[in-house]
Amino acid sequence: MRNAIEIKELTKRYGKLVALDHVSLSVSEGSMFGLIGPDGAGKTTLYQILTTLLSPDEGSATVSGLDVMKDYRRLRTEIGYMPEKFSLYPDLTVSENLHFFASLFGVDVKDNFDLIAPVFDQLKKFPNRMAGALSGGMKQKLALSCALIHRPRVLLLDEPTTGVDAVSRSEFWDMLATLKEKGITILVSTSYMDEAERCERIALINKGRILDVNVPDRLVEGMDKNLYNASAKEMYPLLEALRTLPDVKDCYTFGATLHIVTSECFNSDDAVGRLRRKGLEDVRIWPAKGNIEDLFIKLAKDDG
């Protein structure tokens, strides 16, 4: 299978700050690839290079076989880009925004409406509403429709679900799955670790460096080993107490519980007894199922 995106040793600096540090990645044609990392990891800088908005200091990148430096004019017609912040015109209506972006690429909205129909379905009820007056989820759908109106081969989405409610987030990912079935290659970045499992392959990025790349299941293989949940009424005292116990390597907040990373010698019954003697009488410890967030925390700490 051919690669739709090929990145080799890509580096970008802003003075002394290294935003991207020799990043290498490949994304197969027709796949959905996730770029996972926290704010400041370098995701947006990478997107700006792939969309020809920035020039790299070192390395190379191609999208659909086109070089981001040499072929930037042709490349812009091959990609659809949805930046993190809503970038459409708030004082234009839904319909006006869509027709404006279609005109930029020299296409008619009707020509490609079959592609955006599943996305645009909820927007068609109010074509004359100003884009700035839309809800977060509706803005997201309009931005995606405009990014798709010229039928790009590659769709680049930079944290598209940030600040969107859980229902709209789920709907959005269902839409991406439909677009992938139509043969569009999707590179999507997110800081939501639970969204990563919707991708076929994932790259974990931190401080401008790629920590690991693999399919979701392979990434978390072995993460269940020596990993436990812990809870009590007083969570912060529990966190502090757990960090003082023998055989506890790490402890951090994970949703409504704590996750404990332990050595092979850790005994949960013994740990519960110690904690209860410290006054945490309602403490519970039980085996946890590791996921990508656990892996990212581990890799980021190992990375220094």
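Predicted model: local features only at pLDDT ≥ 70, side-chain atom pairs only at ≥ 80, totals over all residues.
Helix α5 is largely enclosed by the rest of the structure, because eleven of its 13 residues are buried.

**Helix α5**
- Helix α5 covers residues 136-148 and reaches 19 Å from its first C-alpha to its last, which is close to the 18 Å expected at 1.5 Å a residue.
- The buried residues of α5 are Gly-137, Met-138, Gln-140, Lys-141, Leu-142, Ala-143, Leu-144, Ser-145, Cys-146, Ala-147 and Leu-148.

**Cysteines**
- Zero disulfides are found when the whole structure is searched.
- For Cys-251, the closest cysteine sulfur is that of Cys-265, and because the two sulfurs are 18 Å apart they are too far for a bond, a disulfide being a pair of cysteine sulfur atoms within 2.5 Å.
- Cys-265 likewise has its closest cysteine sulfur in Cys-251, at 18 Å.
- Cys-251 counts as buried, because its relative accessibility is 0%, whereas Cys-265 counts as exposed, with a relative accessibility of 61%.

**Strands β9 and β10**
- Strand β9 (residues 201-206) and strand β10 (residues 209-214) run antiparallel and are joined by five bridges.
- Ile-205 has Ile-210 in β10 as its bridge partner.
- The hairpin formed by β9 and β10 has two residues between the strands, and within this hairpin Lys-207 takes a positive phi near 55°.

Definitions and conventions:
Residues numbered from 1 in each chain as written. Heavy atoms only, no water. Helix = DSSP H or I, 4+ residues; strand = E, 2+ residues; numbered from the N terminus. Expected span 1.5 Å × (residues − 1). Buried < 20%, exposed > 50% of the residue type's maximum accessible area, 1.4 Å probe, protein only. Pairing = 2+ DSSP bridges.
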